[in-house]
Amino acid sequence: MTVTPTSTSDARDARHIASKATVYYNSACPVCNAGICAMQERTASDKGIEWIDVHRNPEVLDALGLQLEDVRERLHIADSEGRMWVGADAVAEALLRVPRWRVFAVLLRWWGVRSLAQVAYDFFAQQLYRWNRSKSHW
């Protein structure tokens, strides 16, 4: 079955979903790891996603110009066009690949919602990072 996008945004999202994505995450954080495991289950049939655990493979970050601490604190996703999505934008990017959650990805990209989502994500990520450090997860 062929899906015909109904708008320019839908066309962009359809092309985007079909493209490759590389997710950089930190398995040493139990909260992050649980979220990634859930996402991996929901995207198991999507062969266009590569999952890279920076806790086990920190050397991959050198080529990207990223520090390990960057990815420990915020989710990063690289798309096939070389764009790097970080934080709430990375969450929206991941949600695009889950049919039942695509509507949330669209909502997270609305101007006002995107700003609020980024502020909320950054606050939560900072607190989670501090908690992980205090628990000596890395």
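Strands S1 and S2 pair in the parallel sense, over five bridges. Alanine 21 has isoleucine 49 as its bridge partner in S2. The model is predicted. Its protein chain holds six helices and four strands, in the sequence pattern α-β-α-β-α-β-β-α-α-α. Of its 138 residues, 36% count as buried. Among contacts with a separation of 6 or more, 64% link residues 24 or more positions apart.

**The sheet**

- The four strands form an open sheet in the order S2-S1-S3-S4. Its pairing is mixed.
- Strands of a sheet pair through backbone hydrogen bonds, either parallel or antiparallel.
- S2 (49-53) and S4 (84-86) are the edge strands. Each has a single partner strand, so one side of each lacks a neighbour in the sheet.
- On average, neighbouring strands are turned by 20 degrees against each other, direction ignored.
- S1 (residues 21-25) and S3 (residues 76-79) run antiparallel, joined by four bridges.
- S3 and S4 also run antiparallel, with three bridges between them.
- S3 and S4 make a hairpin, with four residues between the strands. Glycine 82 lies in the turn and has a positive phi of about 90 degrees.

- Five of the five residues of S1 are buried, so the strand is largely enclosed by the rest of the structure.
- In a regular strand the side chains alternate between the two faces of the sheet.
- On one side of S1 sit Ala21, Val23 and Tyr25. Thr22 and Tyr24 sit on the other. Both faces are covered.
- Threonine 22 belongs to S1. Its relative accessible area is 11%; the cut-off for buried is under 20%, so threonine 22 counts as buried.
- Leaving out residues up to four places away in sequence, threonine 22 touches Glu50, Ile52, His76, Ile77 and Ala78.
- The bridge partner of threonine 22 in S3 is alanine 78.

**Strand S3**

- Alanine 78 also stands opposite methionine 84 in S4.
- His76 and Ala78 point one way from S3. Ile77 and Asp79 point the other way. All of these residues are buried.

**Helix H4**

- H4 packs on the sheet, where it touches S3 and S4. The direction of H4 makes about 110 degrees with that of S4.
- H4 is mostly covered, with seven of its eight residues buried.
- The buried residues of H4 are Ala88, Asp89, Ala90, Ala92, Glu93, Ala94 and Leu95.

**H4 against H6**

- H4 (residues 88-95) packs with H6 (residues 111-134) at an angle of about 110 degrees. Their axes are 8 Å apart.
- Angles of 65 to 115 degrees count as roughly perpendicular, so H4 is roughly perpendicular to H6.
- H4 contributes Ala88, Asp89 and Val91 to the contact. H6 contributes Arg114, Ala117, Gln118 and Tyr121.
- The contact residues divide into four nonpolar, one polar and two charged.

**Aromatic pair**

- How many aromatic pairs does a search of the whole structure find? It finds one.
- A pair of aromatic rings is described by the distance of the centres and the angle of the planes.
- The pair consists of tyrosine 129 and tryptophan 138, with ring centres 5.7 Å apart.
- The ring planes stand at 45 degrees, so the pair is tilted. Stacked would need planes under 30 degrees apart, and edge-to-face over 60.
- Are tyrosine 129 and tryptophan 138 buried or exposed? Both are buried.

Notes
Residues are numbered from 1 along each chain as its sequence is written. This is a predicted model: local features need pLDDT of at least 70, side-chain atom pairs count only at pLDDT 80 or more; totals for chains, interfaces and linings use all residues. Side-chain values use heavy atoms; hydrogens and water are left out. Axes are lines fitted to C-alpha atoms, for helices over the stretch in contact, and angles run from 0 to 180 degrees between N-to-C directions. Helices (H or I, at least four residues) and strands (E, at least two) are DSSP runs, numbered from the N terminus. Angles under 35 degrees count as roughly parallel, over 145 as roughly antiparallel, 65 to 115 as roughly perpendicular and the rest as oblique. Contact means heavy atoms within 4.5 Å. Ala, Val, Leu, Ile, Met, Phe, Trp, Tyr, Cys and Pro count as nonpolar, Asp, Glu, Lys and Arg as charged, and the others, Gly among them, as polar. Two strands pair if DSSP finds at least two bridges between them. Rings of Phe, Tyr and Trp (its six-membered ring) pair if their centres lie within 6.5 Å; planes under 30 degrees apart count as stacked, over 60 as edge-to-face and the rest as tilted. Buried means under 20% relative accessible area, exposed over 50%, partly exposed in between (1.4 Å probe, protein chains only).
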